[in-house]
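Here is a friendly tour of a protein model with a ligand in it. Take a look at the picture first, and then let us walk through it together.

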Amino acid sequence: MRLILLGPPSAGKGTQAEMLVKRFGLLHLATGDILREAVAAGSSLGKKAKKFMDTGALVPDAIVIGLLEGKMKSTQSQTGFLLDGFPRNQDQVKQLEGFTDIDLVLCIEVDFSKLVERAIGRRVCRTCGSVYHIKFNPPKQPGICDKDGGPLYQRDDDTEEVVKKRLKTYEDQTKPVIHYYETTGKLRYVEGDGTIEDVQNKLLAVLVEQWPQLKETAYGPMPVAKPAPAPHALKPVQPQPSQARPQGQGQPHGGGHRRGRRRRGRGKNFSRFGQKPQNKSQ
Ligand code: AP5
């Protein structure tokens with residue numbers, strides 16, 4: 001499964017991605033999370049990125065791609081990947097197309113009037129990154145993560161002013177990406193105004209429609225995480241655009257998440273995702 005998950009700021013991409021990657025054993029590549037890790041680590045790329053993130057602008061492609069490559073080098077998956085919040089402009093689309101095909105692009109649609117409330121009420125665990133909402137998905141104890149007891153914090157860019165700028169950036173730069181994927185026939189819109197569970201069920205329905213053999217994995221019990229497999233380079237995903245195959249049901253999540261920093265030639269490490277097929281199919 002080679003998936004892209006798009007949608008406006010605070011549409012619920014991260015919330016839904018967390019469940020999808022766990023269920024299908026996918027590698028989760030969220031450029032927003034990767035950038036925040038770099039910021040938290042105080043790396044030079046992180047410092048540069050923060051200036052753009054705090055204003056609601058996109059971080060320059062060279063920084064995003066460099067960090068994404070580093071992440072891909074240090075993680076692994078046997079079943080595929082989910083790109084969350086990437087690509088976000090047309091140059092990023094071109095770069096992505098240079099190294100892999102994509103099976104499906106999911107776009108969560110939420111009424112813009114709801115997005116500011118979702119963003120401002122978001123709280124994130126400082127230690128494990130779990131996402132909550134003070135009203136829609138509150139932790140059992142205010143300010144404390146249910147999973148590991150870590151402190152919850154509010155992102156610097158989750159202010160009304162910055163969220164509005166992020167929405168403008170989305171309209172100007174990411175909407176054209178979505179329109180492009182419409183023309184490829186790979187885009188599926190998912191209505192994201194309902195509860196987290198409703199949206200999850202809609203996403204699963206789309207995936208099962210695309211890959212009927214995934215029905216049991218989609219609706220069966222959530223797999224229990226097992227220790228990561230022995231370290232090795234990302235196992236190539238066979239390029240079968242219309243019939244990607246999961247490796248058995250209930251695959252555990254494919255690996256740890258360690259930050260990578262080095263950037264080499266464009267697309268060099270992306271090839272670990274899988275060979276690009278000769279003939280692109282729709
Ligand atoms: P990023 O972190 O990707 O921000 P985003 O796209 O604005 O998305 P969010 O993380 O805000 O929201 P989400 O859709 O994941 O929603 P969530 O599940 O958390 O990027 C941040 C910045 O990094 C960008 O502005 C840019 O500067 C930079 N950047 C990132 N990628 C880049 C790229 N490719 N190129 C260049 N720059 C890049 O949910 C939000 C809240 O709503 C949570 O509190 C959640 O609990 C709640 N919620 C979720 N679902 C529901 C529901 N169904 N009902 C009610 N509440 C819900």
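This is a predicted model: local features need pLDDT of at least 70, side-chain atom pairs count only at pLDDT 80 or more; totals for chains, interfaces and linings use all residues.

Residues are numbered from 1 along each chain as its sequence is written, and side-chain values use heavy atoms, with hydrogens and water left out.

**Around the ligand**

- The ligand is surrounded by 35 residues, and the closest are Thr15, Ala57, Arg88, Arg122 and Arg166; a residue counts as near if one of its heavy atoms lies within 4 Å.
- By type, the shell holds 15 nonpolar, twelve polar and eight charged residues (Ala, Val, Leu, Ile, Met, Phe, Trp, Tyr, Cys and Pro count as nonpolar, Asp, Glu, Lys and Arg as charged, and the others, Gly among them, as polar).
- Helix 1 (13-24), helix 2 (31-41), strand 6 (131-133) and helix 8 (196-210) each give at least two residues to the shell; helices (H or I, at least four residues) and strands (E, at least two) are DSSP runs, numbered from the N terminus.
- The largest share of the shell, four residues, comes from helix 2.

- Five strands form an open sheet in the order 2-3-1-4-8, with parallel pairing; two strands pair if DSSP finds at least two bridges between them.
- Strand 2 (27-30) and strand 8 (187-191) are at the edges with a single partner strand each, so one side of each has no neighbour in the sheet.
- Strand 1 (residues 2-6) pairs with strand 4 (residues 104-109) in the parallel sense over four bridges, and Leu5 stands opposite Leu106 in strand 4.
- Helix 1 packs on this sheet, touching strand 1, strand 2, strand 3 (81-84) and strand 4; contact means heavy atoms within 4.5 Å.
- The direction of helix 1 makes about 175 degrees with that of strand 3 (axes are lines fitted to C-alpha atoms, for helices over the stretch in contact, and angles run from 0 to 180 degrees between N-to-C directions).
- Helix 2 also packs on the sheet, touching strand 2 and strand 3, and its direction makes about 70 degrees with that of strand 2.

- Three strands make an open sheet in the order 6-5-7, with antiparallel pairing.
- Strand 6 and strand 7 (152-153) are the edge strands, each pairing on one side only.
- Strand 5 (residues 122-125) pairs with strand 6 over three bridges, and Val124 has Val131 of strand 6 as its bridge partner.
- Helix 6 (residues 112-120) packs on this sheet and touches strand 5 and strand 6.
- Strand 5 also pairs with strand 7, over two bridges, and Cys125 has Leu152 as its bridge partner there.

**Backbone details to spot**

- Most residues other than glycine have a negative phi, and most peptide bonds are trans.
- Ser10, in the loop between strand 1 and helix 1, has a positive phi near 70 degrees.
- The peptide bond from Phe86 to Pro87 is cis, with omega near 0 degrees.
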